[in-house]
Amino acid sequence: MSVYDPTPQMEAIMAVPTMQEIKDALRLVSDNPSYRTRISRDVAKERGLKRFFTGSECVNGHVADRLVSNGNCVDCYYMRPNYARQKHSSS
Ligand SMILES: [Zn+2]
């Protein structure tokens, strides 16, 4: 038996992230547009992305990603009445 035997609980305490690490993690998963990386449609297309983000509002006032394929705002896209019907239809 060793004299000093750190328990798993002690190791967990030592592994607690700092406030800065928590903030960074939250920033990464945040949908807040102000934290989003702005990317032009051309750049998104070059990178093979399906969406781009300019930070500007769509005609309905959404600050959201836009589809590279047609330039439409994704908020508008998913709020279309047709989308809900397609989603729930089953064959
Ligand atoms: Zn929109």
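Leaving aside its neighbours within four places in sequence, Phe53 is in contact with Arg36, Thr37, Arg38, Ile39, Asp65 and Arg66; two residues are in contact if their C-beta atoms, placed from the backbone, lie within 7 Å. Welcome to this structure, which is a predicted model: local features need pLDDT of at least 70, side-chain atom pairs count only at pLDDT 80 or more, and totals for chains, interfaces and linings use all residues. Residues are numbered from 1 along each chain as its sequence is written.

Let us begin with the whole chain. It holds five helices and two strands, where helices (H or I, at least four residues) and strands (E, at least two) are DSSP runs numbered from the N terminus. Starting at the N terminus, the order of the elements is α-α-α-β-β-α-α. Of the 91 residues in the protein chain, 4% count as buried. A residue is buried if 20 or more other C-beta atoms, placed from the backbone, lie within 10 Å of its own, exposed if 12 or fewer, and partly exposed in between. Among contacts between residues at least 6 apart in sequence, 8% join residues at least 24 apart.

Now back to Phe53, which sits in the loop between β1 and β2. Phe53 counts as partly exposed because it has 19 C-beta neighbours inside 10 Å. One of its contacts, Arg36, belongs to the loop between α2 (19–29) and α3 (41–46). Arg36 has 15 C-beta neighbours inside 10 Å, so this residue counts as partly exposed.

The loop between β1 (51–52) and β2 (66–67) also carries Cys58. Which residues does Cys58 contact, leaving aside its neighbours within four places in sequence? They are Cys73 and Cys76. With 17 C-beta neighbours inside 10 Å, Cys58 is partly exposed. Asn60 lies in the loop between β1 and β2 as well. Is Asn60 buried or exposed? Asn60 counts as exposed, because it has 10 C-beta neighbours inside 10 Å.

The table gathers some pairs, with their separation along the chain and their C-alpha to C-alpha distance.

| Pair | Separation in sequence | C-alpha to C-alpha distance |
|---|---|---|
| Phe53 and Arg41 | 12 residues | 7.5 Å |
| Arg36 and Phe53 | 17 residues | 7.9 Å |
| Asn60 and Cys76 | 16 residues | 7.6 Å |
| Cys58 and Val74 | 16 residues | 9.6 Å |
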